[in-house]
Amino acid sequence: MASKNQGPAAPRALVVEDIKVDLVVLLRMLRKLNCEATVAHNGKEAVDLFLEGKTFDIVFFDKDMPVMTGPEAVTKIRAMGASEVKMVGVSADFGGLDAFMQAGADVFVPKPMKLETLDAMLQEVIDKNMSG
């Protein structure tokens with residue numbers, strides 16, 4: 001069992017992505033940054049995880065996915081009262097920024113995401129968890 005002296009717990013991320021190569025790349029980066037990651041293949045799966053009571057520190061949403069898009073999922077999860085979760089919209093689509101910001105995301109990052117960008121976001125989440 002981990003002792004309390006080991007510093008902050010690893011941040012828990014949810015990756016909502018339907019494109020396998022994008023998913024693999026993001027999961028690799030998260031692993032490299034010692035982040036615990038869970039995968040959902042569309043927005044509905046992500047919403048279902050929140051409905052089951054799962055908690056995450058940060059969620060990365062792709063924009064265009066089957067069943068339910070990233071922005072739709074952000075709107076639904078925010079409506080459930082998940083205000084503490086950092087929601088990140090990720091898309092190569094030029095219209096992604098507006099769609100995600102209107103849906104209630106905290107940040108928009110164009111694809112491909114850089115490791116430094118990801119690291120900075122995770123650091124913010126870790127800092128917030130330590131101070132809160």
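Helices (H or I, at least four residues) and strands (E, at least two) are taken here as DSSP runs, numbered from the N terminus. The model is predicted, so local features need pLDDT of at least 70 and side-chain atom pairs count only at pLDDT 80 or more, while totals for chains, interfaces and linings use all residues. Residues are numbered from 1 along each chain as its sequence is written, and side-chain values use heavy atoms, with hydrogens and water left out.

The chain holds five helices and five strands, which follow one another from the N terminus as β-α-β-α-β-α-β-α-β-α. Along the principal axes, the C-alpha atoms fill a box of roughly 45 × 30 × 20 Å. Of the 132 residues, 41% are buried (under 20% relative accessible area, with a 1.4 Å probe and protein chains only; exposed is over 50%, partly exposed in between).

Asn-42 counts as buried, at 9% relative accessibility. Leaving aside residues up to four places away in sequence, Asn-42 touches Val-16, Met-65, Pro-66, Val-67 and Met-68, where contact means heavy atoms within 4.5 Å. A polar atom of the Asn-42 side chain also lies 2.9 Å from the backbone nitrogen of Glu-45.

Contacts can also be viewed across the whole chain. Among those with a separation of 6 or more, 65% join residues 24 or more positions apart.

Turning to helix 1 (residues 20-32), Val-25 has its place there. Val-25 is partly exposed, with a relative accessible area of 41%.

Note on methods:
Polar contact = N/O pair within 3.5 Å; in protein donor to acceptor, adjacent residues only side chain to side chain.
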